[in-house]
Amino acid sequence: MKAPDFDYLRPGTLAEAIAILSEHEGEAQPLAGGQSLMPMMNFRVAAPAVLVDLSALSELRGITRTDTSVRIGAMTRYRELADWANICTDLPLIAVALPHIAHDAIRNRGTIGGSLALADAAAEMPALMLALGATIELMGPNGTRHVPADDFFQGFYDTACEADELIVAVDIPLAPEAKFGFHELVQRHGDYAMAGVAIKATSLAPLSGLRIAFFGVSDRALRVPALEAALDGTSGDEAAIAAALPALEAIEFEGDLKVSAKTRAHYAGVALKRALAEMLA
Amino acid sequence: MSKTKDISLTVNGEVLTANVPVRMNLVDFLRHEAGLTGSHVGCEHGVCGACTIEVNSDTVRGCLMLAVQADGATVTTIEGLADSGRSAALIAAFTRRNALQCGFCTPGMLASAIAYVEGGGIADKQAIRDHISGNYCRCTGYQSVVDAIHDVVTEGASA
């Protein structure tokens, strides 16, 4: 189908964009890369009265590295992330996950900020931010605020970002000593995951400082503190994983046309086992 | 009555100006307004890849981009890729390998394949499969498509 009609605005500055969002009180929808929003509009699941194209906002672009973190502008496309010279050394988890995020032509348009703002439960980027302990920088009419990824994803397509706020950037702490794991189960390469996991550990023998974020399992990307605690201090071998797996029951697994909730719960365990096995190999 | 906006863009080397409904997606503009019907419209939600085109040298889904977003952009459709000769080796390989039956997916498949070949893709069938995973073909079962792309990469390496 085709998208229903709307007003189209392309503000030239961040301040102007936020003023438009404030003025339209929830009727305006920011357009980033459009790789999720456009399908939703074509399906008529989304029907914003005003579409606010963020493509002219230079404030939302660019990747900046300091001694302690990497700041990625919200309108940075997946393609630009993949092409960034330091991606493999500074953000190895994202480097490993990127080829799994949709397809080449989608990655050429899709943005990190767009994915986080939409917060699709099956998308990789929210889980990556959780695993990496990222901070999300928001700007609204009352200025800037910084929200840890742990507090950002609040439910089904629901985030801490208010209707009159925009994601400006994400800040990811550098962790040169950390180890990372990633695995997702899909029907076709690049499709939304039936279950997936992203892992950060500060050390492997024994496992410690674990941040384990699941996606494609419930209403949002999420960590399971009891699972992290159960694996912490273990070798991550088969017995340790078997002992920790019951902690996954804390997740309210969701079923859909493709996969039942029960199968999804099983897949989450499979993804975890495979990701850990790869990390420890 | 749809809201409209004036746009100007370069399509296959030619500057086009038009007043378009803001809700019109880019591939519909190319097909219906510019008369370039080589790009096909399949699913309209970014899954099938039949509408794959090039915008500012990157392959994109023509159904997931509005025509107004292409204001000022340089667009190359399958017609432009053929006219410039960029798709010649792939077209020859697709023909030789019988890599199409109905042909509906072929323009998008070729556009994706060109990005792979020109982007330095390697002669590895799994890597080729991963790259074209965003393009559906309901006739060939992909084997012949993968073989055709593999041929072109191999030819390029030996050329």
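Which residues have the most contacts inside the largest nonpolar core? They are A:Ile94, A:Leu116, A:Met125, A:Leu128, A:Met129, A:Phe152 and A:Ile172, in a core of 42 residues. A nonpolar core is a set of buried Ala, Val, Leu, Ile, Met, Phe, Trp, Tyr and Cys residues joined through side-chain atoms within 4.5 Å. Buried means under 20% relative accessible area, exposed over 50%, and partly exposed in between (1.4 Å probe, protein chains only). Helix H8 (residues 124-132) of chain A gives the most to this core, with seven residues. Helices (H or I, at least four residues) and strands (E, at least two) are DSSP runs, numbered from the N terminus.

The model is predicted; local features need pLDDT of at least 70, side-chain atom pairs count only at pLDDT 80 or more, and totals for chains, interfaces and linings use all residues. Residues are numbered from 1 along each chain as its sequence is written, chains are lettered from A and ligands numbered from 1 in the order in which they are written, and side-chain values use heavy atoms, with hydrogens and water left out.

Contact means heavy atoms within 4.5 Å. Neighbours within four places in sequence aside, A:Ile172 is in contact with A:Thr68, A:Ser69, A:Val70, A:Ile72, A:Leu91, A:Ile94, A:Met129, A:Leu132 and A:Ala134. A second, separate core has 36 residues, among them A:Ala3, A:Leu51, B:Val11 and B:Ala67. A:Thr111 is found in the loop between helix H6 (104-107) and helix H7 (112-118) of chain A. Its relative accessible area is 4%, so A:Thr111 is buried. Residues up to four places away not counted, A:Thr111 touches A:Ala32, A:Gly33, A:Ala74, A:Met75, A:Thr76, A:Arg77 and A:Tyr78.

In chain B, helix H1 (residues 26-33) has B:Leu26, B:Val27, B:Asp28, B:Phe29 and B:Leu30 buried. Their cover includes strands E1 (4-11), E2 (14-21), E3 (52-55) and E5 (74-76) of chain B. B:Gly35 follows H1(B), with a positive phi near 75°.

Chain B contributes 29 residues to the contact and chain A 31 residues.

Six salt bridges cross the interface. A salt bridge is a side-chain nitrogen of Lys or Arg within 4 Å of a carboxyl oxygen of Asp or Glu. B:Asp28 pairs with A:Lys2 in a salt bridge, with the closest N and O atoms 2.6 Å apart. B:Asp28 counts as buried because its relative accessibility is 6%. A:Lys2 has 31% and counts as partly exposed.

Over all chains, 24 salt bridges are found. A:Asp256 and A:Arg264 form one salt bridge, with the closest N and O atoms 3.2 Å apart. A:Asp256 is partly exposed at 44% relative accessibility, whereas A:Arg264 is buried at 6%. B:Glu155 and B:Arg96 meet in a salt bridge at 2.9 Å, N to O. This pair links helix H6 (residues 143-158) and helix H3 (residues 88-97) of chain B, the two residues being 59 residues apart. B:Glu155 is partly exposed, at 35% relative accessible area. A network of salt bridges links B:Arg96, B:Arg97, B:Lys125, B:Asp147, B:Asp151 and B:Glu155.
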